[in-house]
Amino acid sequence: MPSKSTPLRAPSTLVIASRQSRLALWQAQYVSDALQKLYPATKIEILGMTTRGDQILDRTLSKVGGKSLFVKELEYALADGRAHLAVHSLKDVPMLLPKGLKLAAILERADPRDAFVSPYYESLAALPAGSVVGTSSLRREAMVRARYPHLKVRPLRGNLDTRLNKLDAGEYAAIIVAAAGLIRLDLSERIRLVLEPSESLPAAGQGALGIEICAARADVEAWLAPLHHHRTAFAVEAERAVSGSLGGSCDVPLAAFAQWQGELLYLEAKVATPDGGRVLCAQGEATPSTLAQALALGQSVAAELGRQGAHEIVQALSSHAAPAMKRTAVLTGSRGQSVSLLQALTVAGMETFEFPLIEIFSTNDQTLLVKAFAALKHYALVIFVSPAAIEFASAHLPLQWPATVPIGVVGPGSVRALKQYGIAAPLQRVIAPHQRSADQAVRYDSEALAAALDQTLGLASLNRRSVLIVRGDSGREWLADTLRAEGAQIEVVSAYRRALPVPTLAQWTRVRALLAGEPHAWLLTSSQGVRNLERLAQAHLTEAEQSALKRSPMIVPHARIAESAAAAGFTNERALIEAGIKSQQALDTLGQMQMQLLQLTDKLDETQTRQQALERLSQKLTQSRDDWMLAEVEQTLAFANEQLQLTGNAQRVLVTLRHADMQLAASTSPRALAVRKALGRDLEALKATPQIDLMGLALKLDAVLALVDRLPLAGEAAVPLSKLLPTLRYQV
C-alpha cells in the first residue's frame with residue numbers, strides 16, 4: 001500500500017480474467033467500470049475464459065471437483081501473467097487459495113438470499129406433491145428435502161440463462177437460484193419469492209464479489225484498495241471460516257450467513273445430510289475490529305457444529321460421495337496435457353480425476369529463446385523435448401521453418417504439436433522414434449530419439465556443429481551429454497518453467513476419499529511428478545493417509561519412473577511393475593497407430609499443407625516487406641551516423657541519407673512515412689552544417705605533434721603550442 005504522502009500512480013493497463021457466462025461478464029464489467037472511475041486514463045480489458053465448471057454440465061459439482069472448477073482457469077491466467085486480476089463470485093472461491101495468489105478485495109455485498117423462481121407457483125409451499133425443483137446446490141437440496149419432503153429435487157447445471165431456459169421448457173416446476181444473479185442481469189421480474197435466511201440460509205460468500213490477484217503484485221492490490229468493503233469482508237470471511245474449519249466442499253450441504261446488527265456481527269451456520277433428515281445449527285456473535293477476530297467467530301461456530309456431529313457428516317459424505325464404485329484413474333500430468341487420455345478413459349467407462357503434479361508456466365525471461373530462433377539457420381539440428389516445449393516456444397517460431405534445419409522430437413504428441421504450427425513433412429524434416437523391427441515395440445524417450453537421429457542423420461555428422469535443445473528449466477541431461485560426446489556444440493534454452501502445484505481443498509478431499517478405499521490407480525508420467533507427489537503428501541496427508549498412498553497402484557510408462565516411485569517408497573512394486581509393463585504395451589500400440597495415422601495424414605494433406613505454407617509465406621512477405629526495408633534503412637542510417645562521427649564529412653553522409661530516402665519513397669506505410677519525415681529533417685540540418693573534415697584535422701594534428709620534438713629546450717625562446725592549434729583549426 002502506498003503511503004498517504006505518496007500519490008497512487010494509475011496503471012497504464014489492467015486485464016481482468018472472467019468466465020464467459022453473461023453473469024460473470026456482468027460482474028467483470030462492474031469491476032471494470034468501478035476501476036475506470038478511479039483511473040480514467042487506464043486501459044482496462046476483460047479476458048473471457050471458459051472453465052471446466054462451464055464445460056461439465058451432466059454431473060453435479062460434487063462429482064467433478066467442486067466449485068474450484070469455476071476459478072482454476074482464471075487462476076492460471078493470473079499465474080502466467082495474462083491477467084492482473086480475476087473476478088469471482090465469492091461463493092465459488094475455495095477457502096485455501098493456491099500458493100502465490102490472494103484475495104485482494106471483497107466488494108460490498110449484494111442481496112445474499114436465495115430466490116424461488118417459477119412460472120406457475122408462488123412459493124415452495126404452493127408446489128403440488130411430486131413437483132420437481134431444480135438446484136445446483138446440495139445446500140438448497142437439503143433445505144427443500146427437510147422442509148418439503150413431498151417434493152422432488154433434481155440437479156440443475158449451467159449458467160443462469162440456461163437454468164431459466166430449462167425451467168421455461170417445462171423440465172422443472174420451479175428452480176432456486178441466487179437472487180443477486182437475477183438482480184444483476186435485470187431479471188428481478190422472474191423472482192416469485194425471495195427466501196429469507198430462516199427458510200434457506202445462504203451459502204458462505206453468497207452475493208459478494210471477490211477479486212483475486214498474484215500475492216507478489218502489491219501495486220495491483222493498492223489499485224484495488226478503494227473497492228474493498230471492510231464490513232462485507234469481515235462477514236464473508238467469518239462465513240468462509242466455518243466451511244474451512246469443517247473441511248466443507250460441494251459434497252456437503254453447508255450454509256453460513258453473517259450479518260451486521262450495528263457493531264455486532266451475528267453468524268449462523270448449518271450442516272445437513274443431503275436428504276434433509278439431519279440438520280445441525282449453531283450461532284455466534286462478536287464485535288470484530290480486525291479480520292482475525294472475524295475469522296475467530298467463524299471458527300468458534302464451526303467448533304460448535306463439530307461438537308454436534310458435523311465432522312461425522314462431512315467425513316461420511318466426502319468418503320462416500322459416489323455410490324457407484326467405478327475405478328478412478330488419477331491423471332497427474334500438467335494442465336492441458338491429459339485431454340486425450342481423459343477422453344479415452346471416459347469413453348472406456350472409467351472415472352477420471354485430475355490431480356496435476358507439475359504446473360508449467362512460461363519463463364520470465366525469453367531473451368535466449370528469441371535470440372536462438374532468430375538464428376535458426378546457424379543450427380544443424382533443433383530438438384524439442386516435449387509438446388510443452390513447442391507450445392511455449394510457439395510465439396517465437398518462424399512463419400516458415402528453414403527446410404535445411406531438421407527437427408528432432410521424442411514422440412507423436414510433439415509431431416502433432418509441430419503440425420499445428422505448419423511444421424510438417426514434406427516441407428520440413430521432422431525426426432521421431434519409429435518402429436525399427438516387427439518384433440520390437442517403439443519407445444518414446446531420449447534414447448529412442450538418439451537412435452532415430454543416428455539412423456537418419458548419423459550422430460557423427462553433428463561433430464563441431466551447433467545443436468539447439470528447447471526444453472523446460474530442468475530435465476534429463478542424457479541426450480545433451482550423448483550429443484556432446486559425438487562432438488556436437490550443444491545450446492540449451494528454456495521455453496517453460498516447472499512449479500509445484502497447490503491442490504485445492506476439494507482435490508485433497510477427493511484424494512482422501514480414494515485413499516479411504518475407493519478403487520483407483522495413479523498415472524505417473526514423470527519422475528518429477530513422483531517426487532512432487534511425495535512432497536505434497538508429506539505436507540498435506542496424515543501418516544495413515546501417506547501409508548495408504550504408498551500402497552496405491554501406480555501406472556507408469558517407463559522403467560525410470562518405476563525406479564523413482566520405488567525409491568520414493570511406493571511399496572506395491574509388483575503392481576507398479578506389472579501396471580508399468582501393461583501401460584507401456586498400451587502406449588506402444590497407441591504410439592504405433594498414431595505414427596501410422598500421422599504418415600497417412602501427411603500423405604493425404606501434403607498438397608493442402610504445401611498450399612497453406614505458401615499462403616502463410618506470401619502473407620508474411622507482404623506484411624514484412626516494409627519491415628525488411630526499414631531494417632535495411634536502419635543499417636544504412638547506423639553506417640551514416642558512424643561515418644559522420646568518424647570523419648565529420650557531411651557531404652558523404654548526405655549521399656547515404658539520400659539513398660535511404662529513395663528506398664523509403666517506395667513505401668506508403670505509416671512507419672515508412674514517419675521515418676522519411678524524420679530523415680528529411682536530418683537532411684536539411686546536414687545541408688546547413690559547416691563542412692569539417694575531421695580526418696584531415698587529425699592528420700594536421702599529427703603533424704603539429706611531430707613538431708614537439710623540435711620545440712626549444714627550457715630556457716630558450718618558446719612558441720606556445722596553444723598558439724599553433726588555433727592556427728591549425730583556422731586553416732581547416
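This report describes aromatic pairs and charge–ring contacts in a predicted model.

## Aromatic pairs

Across the whole structure, the search identifies 9 aromatic pairs. In one of them, the ring centres of F353 and F355 are 6.0 Å apart and the planes meet at 45°, so this pair is classed as tilted. F353 has a relative accessible area of 8% and is buried. F355 is also buried, at 0% relative accessibility.

Another pair joins F373 and W401: the ring centres are separated by 6.3 Å and the planes lie at 70°, so the arrangement is edge-to-face, the class for planes over 60 degrees apart. This pair links distant parts of the chain, its members being 28 residues apart. F373 belongs to helix α12 (residues 367-374), whereas W401 is in the loop between α13 (387-393) and β18 (407-409). With a relative accessible area of 7%, F373 is buried; W401 counts as buried as well, at 1% relative accessibility.

## Aromatic cluster

F353 and F355 also belong to an aromatic cluster, together with W508 and W522.

## Charges over rings

Two contacts between a charged residue and a ring are described here. R231 places its charged end over the ring of W260, at 4.1 Å from the ring centre. For K550, the ring concerned is that of F570: K550 lies over its face, 5.8 Å from the ring centre.

Terms used:
Residues numbered from 1 in each chain as written. Predicted model: local features only at pLDDT ≥ 70, side-chain atom pairs only at ≥ 80, totals over all residues. Heavy atoms only, no water. Phe/Tyr/Trp six-rings, centres within 6.5 Å; stacked < 30°, edge-to-face > 60°. Buried < 20%, exposed > 50% of the residue type's maximum accessible area, 1.4 Å probe, protein only. Helix = DSSP H or I, 4+ residues; strand = E, 2+ residues; numbered from the N terminus. Lys NZ or Arg CZ within 6 Å of the ring centre and 35° of its normal.
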